[in-house]
Amino acid sequence: MKTRVLTWGICGAVLMMAPSLALGQTMLSQDPGLGAGGMGGASGFRWNDEAALAPTADPLGDAILGDRTPYAPRLQAAAPDADVTLPARDPGGPEDDAATVLADSMVLQGDRTLIAAGGVVVWYQGARLVASRIVVDGPTGTLTIEGPIHLSRPGAADPDAEAVLIADSGQLDRELQDGIIRGARLVLARELQLAATEATRTGNGRTTTLRQVVASSCQICASDPTPLWEIRARSITHDAETRLLTFDRPQFRAFGVPLAAVPFTVTAPDPTVERRTGFLRPQFRTTSSLGFGVKVPYFVTLGDHADVTVTPYVSADRTRTLELRYRQAWTKGVTEWNGAITRDDIRPGETRGYLFGNALFDLPRGYRLGVQVQAVSERAYLLDYDITDADRLWSGFTLERVTRDRLFFGRVGNYRSLREDEDNSTSPAQVADVIWQRRFTPDYIGGQGLLEWSVHAHRRPSDQDQLGRDMARASVGLDWRRSEILPGGVVGAALAGLNADIYRIAQDSGYDDLEARADPMLGVELRWPLIGGSDGATHMVEPVAQILYSPPGGDGDIPNEDSRLIEFDEGNLFSESRFPGWDARESGLRANLGVTWTRLDPTGWSLALTGGRVFRTEADLDFPPNSALSGTSSDWLVSAQYDSGTGLAIANRALFNDDLDMSRNELRLGWLRDDLQLSAGHLWLDGYAQDDTAVPDISELVANVGWQIRDGWWGSAETRYDFVADQAQRASLDVTYRNECLTVEMGVSRRFTSSDNVNPETSVGFSVRLGGFGMQEDLPGTVARRSCIR
């Protein structure tokens with residue numbers, strides 16, 4: 001069979017499409033608008049981008065100030081999208097562009113009428129028309145098309161988001177845009193299907209109106225044409241420019257049974273829409289304290305750079321709550337505010353609520369300004385309404401700048417403790433910090449130097465002596481290090497440092513009003529990295545010896561406010577001081593000794609072992625008695641890390657003395673696969689006393705797991721169990737079912753925390769989302785699909 005190709009232009013029937021329109025959008029973090037919403041009541045398992053190994057203890061953190069202050073979620077702004085092209089619109093080619101026709105046979109009649117038959121394919125201005133036969137009228141250029149018809153735009157910027165029109169027959173104008181199509185089926189973003197007896201396209205292809213139409217995103221089988229759900233309407237209009245669907249008197253059916261209908265028009269976004277004003281999916285939540293309730297969020301877009309979400313929450317006559325969220329992004333700033341106001345039966349006659357706000361602004365010369373507000377009526381409110389389990393809040397301002405060799409950080413704000421055993425009047429409330437660091441290379445002695453200036457002040461609201469102690473500190477620090485490679489491959493380093501502080505102490509008769517100190521430090525370090533191999537595996541061994549000396553200090557003249565919680569691990573085994581703050585520093589002659597062995601196997605797995613210990617000529621009395629760092633020798637530190645190379649990671653760290661009495665053991669496990677996401681850990685800590693503060697015994701298990709139950713079903717569970725108290729602190733179980741047209745989320749959680757103001761609570765959540773309306777978020781696990789048997 002001969003195939004003929006014709007350049008369609010000599011006939012004068014030039015096909016035209018409307019000009020394209022590009023939209024630029026500056027958007028906040030992804031929010032799909034209509035159809036979005038979190039699970040009501042159930043926390044749900046959300047895997048993040050962190051490492052597989054989950055910490056079981058509350059870490060000191062990697063922030064400049066490791067005080068574990070709860071910060072608001074990190075704000076992010078999406079870059080403007082400059083490549084958004086409306087479906088079925090002209091990409092802007094010249095009007096005289098010729099169309100290309102491919103067919104088995106073509107006949108050009110005397111009146112310039114073109115007849116093409118047999119596997120007809122027409123390309124014009126980015127559009128592709130596939131049909132069995134077309135007739136192009138010479139005088140008018142209109143097309144009479146015999147199907148099956150397939151009209152699409154494969155050359156679009158995002159073909160998957162384009163509308164595809166399938167029909168039995170039709171008539172279109174010379175631009176392949178407007179006309180009447182019979183037996184039409186419109187497929188939007190390969191997700192939502194609209195089947196109708198007749199469709200009309202107007203406005204240069206912008207508007208498609210389907211009559212006597214059925215819409216569904218479910219797969220339909222020839223043997224069983226009834227979808228899981230469908231929407232029937234007298235007509236459905238799709239606007240390609242606004243990407244909006246308008247349903248005239250829609251009727252919702254499930255398994256072919258009518259469930260709901262409305263006698264008016266309803267609008268909804270098509271599957272390509274990320275943000276659109278309208279109702280989000282309702283969230284159902286049942287708790288032991290509030291009973292059954294429902295949340296109906298309403299999302300309002302304020303242009304491309306701001307939005308508001310208003311969520312009424314009504315629960316079995318026990319609560320009347322209004323939640324609000326406001327977000328906005330600027331060229332050099334972004335902000336998000338969340339809050340709620342409540343009247344409920346938990347505390348009759350009281351108005352409860354909270355307000356959490358966060359903002360970041362880029363300033364000239366690389367500075368960044370941060371603003372944070374955290375306020376709540378009482379901690380029980382945060383737990384009753386499943387907002388957060390934070391028990392300390394901070395509000396204030398931060399200013400920071402980080403360059404290659406300089407760092408500046410400043411903050412001023414107010415703390416509020418929600419713990420029942422802490423009195424806000426005798427705890428530091430108003431706090432201010434400024435830190436400036438510069439890294440440099442000295443001209444004459446070489447090496448690397450670090451210069452630091454810092455200022456700190458805090459105030460307690462109480463005026464009582466000692467209980468209301470206020471402090472201010474100014475410090476300067478200078479550290480220097482130079483490394484050289486010695487004979488035999490040994491790496492030697494010389495260390496030196498000087499730290500000086502001046503303190504102003506008020507409202508404490510136990511200390512002088514003014515105290516000053518200076519702590520010099522000298523040291524040497526030797527490392528001997530060795531590498532070898534056997535059977536294709538690589539072995540690396542590195543013994544390290546570090547000797548440091550600082551004159552015995554006078555830390556007893558200064559109250560220890562910022563170094564009361566001390567960690568001992570691989571990260572600070574070779575540190576100048578293991579105190580996390582400024583108020584206490586290690587002193588005396590000490591040696592830090594350790595060795596690391598690593599094996600890298602050619603099959604992909606690796607194993608690393610680290611062991612070390614600290615020796616002193618005299619005990620440092622600033623360390624608590626019976627702690628891992630007390631006495632003339634510390635506990636032995638031994639850690640192991642295993643990585644399978646296929647998603648499994650195991651880490652264990654242990655501290656024990658010469659009698660093998662263990663003071664701490666921490667086990668962490670992570671396993672990441674397509675059908676399994678596991679993060680678990682156990683921490684055991686032998687408690688000790690420090691002055692008036694006691695570190696209690698800890699034996700705690702934390703675990704998060706998500707797994708593929710079966711095709712389309714994803715389960716997730718979370719637990720935190722305290723073996724010392726012999727009770728769970730929290731537990732949750734969530735199940736998600738997802739197929740090509742429906743997502744159902746169910747979950748139950750239990751909080752076991754109890755106190756005078758907080759009661760244990762059980763929460764159950766449920767939500768349903770129909771596919772095809774608004775852009776769907778990616779979820780873990782597979783998608784169940786209907787099996788059609790032919």
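Me: How many aromatic pairs does a search of the whole structure find?

Reply: The search finds 16 aromatic pairs, where rings of Phe, Tyr and Trp (its six-membered ring) pair if their centres lie within 6.5 Å, and planes under 30 degrees apart count as stacked, over 60 as edge-to-face and the rest as tilted. This is a predicted model, in which local features need pLDDT of at least 70, side-chain atom pairs count only at pLDDT 80 or more, and totals for chains, interfaces and linings use all residues. Residues are numbered from 1 along each chain as its sequence is written, and side-chain values use heavy atoms, with hydrogens and water left out.

Me: OK, and what kind of pair do W229 and F773 form?

Reply: W229 and F773 form a tilted pair, with 6.1 Å from centre to centre and 35 degrees between the planes. The two residues are 544 residues apart, so the pair links distant parts of the chain.

Me: Is W229 buried or exposed?

Reply: W229 is buried, with a relative accessible area of 2%, and F773 is buried as well, at 11%; buried means under 20% relative accessible area, exposed over 50%, and partly exposed in between (1.4 Å probe, protein chains only).

Me: Which residues do ring pairs link into a cluster?

Reply: That cluster consists of Y313, Y354, F356, Y381 and Y385.

Me: Switching topic, is D659 buried or exposed?

Reply: D659 is exposed, with a relative accessible area of 62%.

Conventions. Helices (H or I, at least four residues) and strands (E, at least two) are DSSP runs, numbered from the N terminus.
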